[in-house]
Amino acid sequence: MIEMLMEMFSYTFLVRAVIVGLLVSLCAALLGVSLVLKRYSMIGDGLSHVGFGTLAIATAMNAAPLTVSIPIVVLAAFLLLRISENSKIKGDAAIALISTSSLAIGVVVISLTTGMNTDVCNYMFGSILAMSKDDVTLSVALAIVVLVLFVLFYNKIFAVTFDESFAKATGTKAGLYNMLIAFLTAITIVLGMRMMGALLISSLIIFPALTSMRICKKFRSVTICSAIVSVICFFIGVVISYVYATPTGASVVIVNIAAFLLFWVTNIVLRRSKS
Amino acid sequence: MALITCQDASFAYEGNTAVRGLNFEVHSGDYLCIVGENGSGKSTLIKGLLRLKTPQKGSVLMGDGLHANEIGYLPQQTVAQKDFPASAYEVVLSGRLGARGIRPFYSRTDKLAADENIMKLGIESLRNRCYRELSGGQQQRVLLARALCATKKVLLLDEPVAGLDPMVTQELYRLIEKINRDTDITVIMVSHDIQCAVKYASHILHLENSQAFFGKTEEYVKSNIGMGFLGGERDD
């Protein structure tokens with residue numbers, strides 16, 4: 001086991017991927033708790049599709065993918081948030097509209113430029129080889145920014161997640177903190193997207209939160225538990241993908257499914273044994 | 001000076017005037033019930049009192065050193081809250097957030113205040129329980145403790161007994177009355193339950209998209225509108 005890990009980490013690209021991946025899964029898990037509870041899970045999914053479109057365009061323009069994607073996805077995040085808050089326009093329909101549109105634009109752009117090849121597959125399902133050295137530096141820096149902002153605004157995020165009307169009434173700028181959450185989510189998604197794939201990245205946001213909510217009863221413990229679950233699942237997923245040569249993104253999701261089922265069953269057993 | 005003064009205030013909802021011609025004063029220690037049919041402008045007025053909505057016309061003035069974010073608000077519960085994983089203590093403590101301003105973490109004083117209000121409402125045994133596992137009445141008590149954390153002067157309650165069974169409803173009314181009497185906190189309550197409104201409140205504000213009645217409860221029960229509403233709503 002240890003030998004295998006040693007061998008695995010003798011590849012620089014894997015070390016890079018694991019560092020970025022661990023940070024991204026940590027950020028995604030923390031934000032995920034709030035997103036899932038606010039019924040905003042679909043925003044994460046929508047954003048990843050927008051990210052796919054921007055990645056395709058960035059590649060076509062020969063521009064640095066992260067620098068093109070981040071501003072556009074952040075803008076899309078604010079737009080989706082606005083749509084979800086205004087329940088008169090059907091929020092879920094609008095999100096589906098935006099995500100399929102970006103997907104279509106992305107696919108057309110790719111087929112016109114590089115042609116439909118393995119690139120598309122990599123964008124959709126992720127590739128561990130996608131990280132360059134510059135990407136790693138930027139990703140690590142941004143991930144640390146997301147973590148610091150999350151910790152600083154933890155209490156405000158809790159208040160806004162639990163009860164927006166009360167928070168607003170007592171003078172907390174709920175709209176501002178919603179935008180902060182959307183902003184941090186957008187960055188996290190873009191950072192993790194190329195490794196996990198546009199179709200799978202939202203699982204990093206949704207799964208750990210849902211998993212820890214099976215067992216934990218406090219907001220703080222849910223947050224901490226999902227962070228731990230997410231990091232562990234990512235690590236196991238990467239090791240599995242290395243050993244069995246499976247795609248990284250999908251392997252991480254599979255481990256997350258297993259964790260979810262484990263927590264779910266544990267909860268049932270715990271409840272049975274109590275009653 | 002009055003705590004809250006409405007001077008010929010009107011509030012609009014998406015361009016349509018929802019309630020107009022509001023002229024009333026709330027004094028320290030009052031227990032005001034706002035009654036009226038659905039869609040008579042009660043919720044809009046609440047937003048106005050919380051300063052989440054600016055009056056279309058007229059003004060809402062705060063006196064006695066009351067700031068808009070010092071109103072302890074008990075909103076109606078949302079669907080998302082019903083299965084929210086948070087301890088009662090976490091919820092109560094979040095009532096102190098408004099007073100924190102930009103400072104990110106709670107201080108010792110905040111935590112003490114949260115525990116004090118938990119004691120005041122007799123929910124010590126629920127302190128570490130999960131909010132979603134509490135009964136409706138227990139959840140309202142937790143939210144009431146949170147509202148008390150946010151204020152020293154005014155509680156604004158939006159249909160606090162909606163969906164509670166009769167026993168729990170009575171308990172909650174008694175608790176609110178006790179808070180009003182013992183701590184001199186002003187209570188403003190929106191209620192559908194007109195029988196209890198006239199039983200507990202010192203003042204009644206009756207809305208019919210305008211101010212149909214404002215005055216002491218004794219006068220309200222003798223007025224035409226009061227008698228009509230009391231008779232008509234008995235089986236509601």
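A:Cys27 is buried, at 2% relative accessibility. Buried means under 20% relative accessible area, exposed means over 50%, and partly exposed lies in between, with a 1.4 Å probe and protein chains only. The cut-off here is a pair of cysteine sulfur atoms within 2.5 Å. B:Cys6 is in no disulfide either, with the nearest cysteine sulfur, in B:Cys33, 16 Å away. B:Cys6 also counts as buried, at 2% relative accessibility.

Some ground rules. This is a predicted model, where local features need pLDDT of at least 70, side-chain atom pairs count only at pLDDT 80 or more, and totals for chains, interfaces and linings use all residues. Residues are numbered from 1 along each chain as its sequence is written, chains are lettered from A and ligands numbered from 1 in the order written, and side-chain values use heavy atoms, with hydrogens and water left out.

Now the sheet in chain B. It is open, with 6 strands in the order β5-β6-β7-β3-β8-β9 and mixed pairing. From one strand to the next, the twist averages 15°. Two definitions go with that. Strands pair if DSSP finds at least two bridges between them. Helices (H or I, at least four residues) and strands (E, at least two) are DSSP runs, numbered from the N terminus.

Look at β8(B), residues 203–207. On one side, 5 bridges join β8(B) to β9(B), and the two run antiparallel. B:Leu205 stands opposite B:Phe214 there. On the other pairing, 4 bridges join β8(B) to β3(B), residues 31–35, and these run parallel. B:His203 is the bridge partner of B:Leu32.

Is β8(B) enclosed or open? It is largely enclosed by the rest of the structure, because 5 of its 5 residues are buried. B:His203, B:Leu205 and B:Leu207 point one way, B:Ile204 and B:His206 the other. The hairpin of β8(B) and β9(B) has 3 residues between the strands, and B:Asn209 takes a positive phi near 60° in it.

One helix over the sheet. Helix α6(B), residues 136–149, lies across β5(B) and β6(B), running at about 165° to β5(B). Contact means heavy atoms within 4.5 Å. Axes are lines fitted to C-alpha atoms, for helices over the stretch in contact, and angles run from 0 to 180 degrees between N-to-C directions.

Next, rings. There are 16 aromatic pairs over all chains. Rings of Phe, Tyr and Trp (its six-membered ring) pair if their centres lie within 6.5 Å; planes under 30 degrees apart are stacked, over 60 edge-to-face, and the rest tilted. A:Tyr11 and A:Phe13 make a tilted pair, 5.8 Å centre to centre with 50° between the planes. A:Tyr11 is partly exposed at 38% relative accessible area. A:Phe13 is partly exposed too, at 31%.

Which residues do ring pairs link into a cluster? They are A:Phe150, A:Tyr154, A:Phe158, A:Phe162, A:Phe219, B:Phe84 and B:Tyr131.

Charges over rings come next. B:Arg127 lies over the face of B:Tyr89, 3.9 Å from the ring centre. B:Arg146 lies over the face of A:Phe166, at 3.7 Å from the ring centre. The test is NZ of Lys or CZ of Arg within 6 Å of the ring centre and within 35 degrees of the ring normal.

Last, two buried residues in chain A. A:Ala58 is in helix α3(A), residues 41–60. Its relative accessibility is 0%, so A:Ala58 counts as buried. Not counting residues up to four places away in sequence, A:Ala58 touches A:Ala63, A:Ala64, A:Pro65 and A:Val68. A:Ala58 and A:Val109 are 51 residues apart in sequence and 9.8 Å apart in space, C-alpha to C-alpha.

A:Thr248 belongs to helix α13(A), residues 248–274. A:Thr248 is buried at 6% relative accessibility. Neighbours within four places in sequence aside, A:Thr248 contacts A:Ile128, A:Val238 and A:Ser241.
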